Amino acid sequence: MLHAAFHTTVAEIAQLPPDSLAEVAFAGRSNAGKSSSINALTNQKRLAYVSKTPGRTQHLNFFKTMAHRYLVDLPGYGYAKTPMVEQKRWQALVGSYLAGRPQLAGLVLIMDIRHPFTELDLMLLDWFHASGKPVHILLSKADKLSRSQSLPVLRAARATLAERGYQGSVQLFSSPKHMGLDEAENMIRQWLQMPPTRANQAKKCPAQGEKAGHHMP
Ligand SMILES: Nc1nc2c(ncn2[C@@H]2O[C@H](COP(=O)(O)OP(=O)(O)OP(=O)(O)O)[C@@H](O)[C@H]2O)c(=O)[nH]1
Ligand SMILES: [Mg+2]
């Protein structure tokens with residue numbers, strides 16, 4: 001579990017926390033489950049604002065997880081009813097944040113496992129790839145599919161990343177079922193240069209069965 005507390009809401013680039021040493025941002029389509037995944041990872045019910053109505057997160061919400069280290073909940077994209085002026089604002093704020101924030105260590109991209117790699121997700125991946133920073137994909141709402149339905153999607157997602165030459169990783173995730181929490185937390189801790197938890201040290205090789213096994217001494 002990651003400890004975290006609300007720090008600040010940012011509506012303009014000039015308001016970004018100046019004390020930050022490292023940040024991990026959560027991006028994805030509206031309603032994909034970004035805010036829910038932050039709540040699950042921090043084991044809090046209402047830290048990040050979750051809504052059934054898409055497009056509710058409009059600003060960059062910063063949660064402090066350790067001194068000078070932040071989780072950043074980004075506004076979602078791809079909600080058709082979002083007015084054009086809001087879409088432009090999203091591009092200006094989120095676009096310049098993702099492209100120009102030196103403290104941004106990595107991007108967690110959340111995709112609903114039932115609708116992975118939409119056109120906008122691919123655009124974001126392509127564009128963010130240029131930054132040279134790593135991406136970790138959560139295939140969210142994995143509780144909506146059976147294991148035998150979700151594993152092929154996981155494999156296909158890995159293949160898509162490899163085909164496109166992205167240095168990304170991908171995993172299954174479910175906020176309500178707490179599926180995939182340790183694997184995601186490990187990645188975030190690495191990026192933020194936080195020590196791994198003891199629980200995570202013990203199971204360095206996640207139980208996804210898809211990765212080369214570590215040799216235990
Ligand atoms: N079944 C299931 N529902 C989920 C999961 N994650 C999120 N949800 C639901 O999906 C809806 C949207 O979740 P949010 O976390 O608000 O999504 P978001 O990506 O932050 O959305 P925006 O802030 O609007 O861009 C809510 O009704 C959540 O309860 C999940 O893993 N499984
Ligand atoms: Mg949200």
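Me: What should I know before I start?
Reply: It's a predicted model, where local features need pLDDT of at least 70, side-chain atom pairs count only at pLDDT 80 or more, and totals for chains, interfaces and linings use all residues. Residues are numbered from 1 along each chain as its sequence is written, chains are lettered from A and ligands numbered from 1 in the order in which they are written, and side-chain values use heavy atoms, with hydrogens and water left out.

Me: OK, in what order do the strands sit in the sheet?
Reply: E1-E3-E4-E2-E5-E6-E7, an open sheet of 7 strands with mixed pairing. Strands pair if DSSP finds at least two bridges between them; helices (H or I, at least four residues) and strands (E, at least two) are DSSP runs, numbered from the N terminus.

Me: Which strands stand at the edges?
Reply: E1 (5-10) and E7 (169-172); each has a single partner strand, so one side of each is left without a neighbour in the sheet. E1 pairs with E3 (residues 60-66) in the antiparallel sense, over 5 bridges. Within that, phenylalanine 6 has phenylalanine 63 as its bridge partner in E3.

Me: And where does H4 lie?
Reply: Helix H4 (residues 147-164) lies across E6 and E7, at about 170° to E7. Axes are lines fitted to C-alpha atoms, for helices over the stretch in contact (heavy atoms within 4.5 Å), and angles run from 0 to 180 degrees between N-to-C directions.

Me: Which residues of H4 are buried?
Reply: Ser150, Leu151, Leu154, Ala157, Thr160 and Leu161, and they pack against E6 and E7. Buried means under 20% relative accessible area, exposed over 50%, partly exposed in between (1.4 Å probe, protein chains only). Just after H4, glycine 165 has a positive phi of about 75°.

Me: Switching topic: is asparagine 39 buried or exposed?
Reply: Buried, with a relative accessible area of 4%. Asparagine 39 is in helix H1 (residues 34-41).

Me: How many aromatic pairs are there?
Reply: 4. Rings of Phe, Tyr and Trp (its six-membered ring) pair if their centres lie within 6.5 Å; planes under 30 degrees apart count as stacked, over 60 as edge-to-face, the rest as tilted. One of the pairs is phenylalanine 62 with tyrosine 70, edge-to-face at 5.8 Å centre to centre and 75° between the planes.

Me: Which residues do the ring pairs link into a cluster?
Reply: Phe62, Tyr70 and Tyr97. Phenylalanine 62 and tyrosine 97 are edge-to-face too, 6.4 Å centre to centre with 85° between the planes. Phenylalanine 62 lies in strand E3 and tyrosine 97 in helix H2 (residues 84-100), so that pair ties together parts 35 residues apart in sequence.
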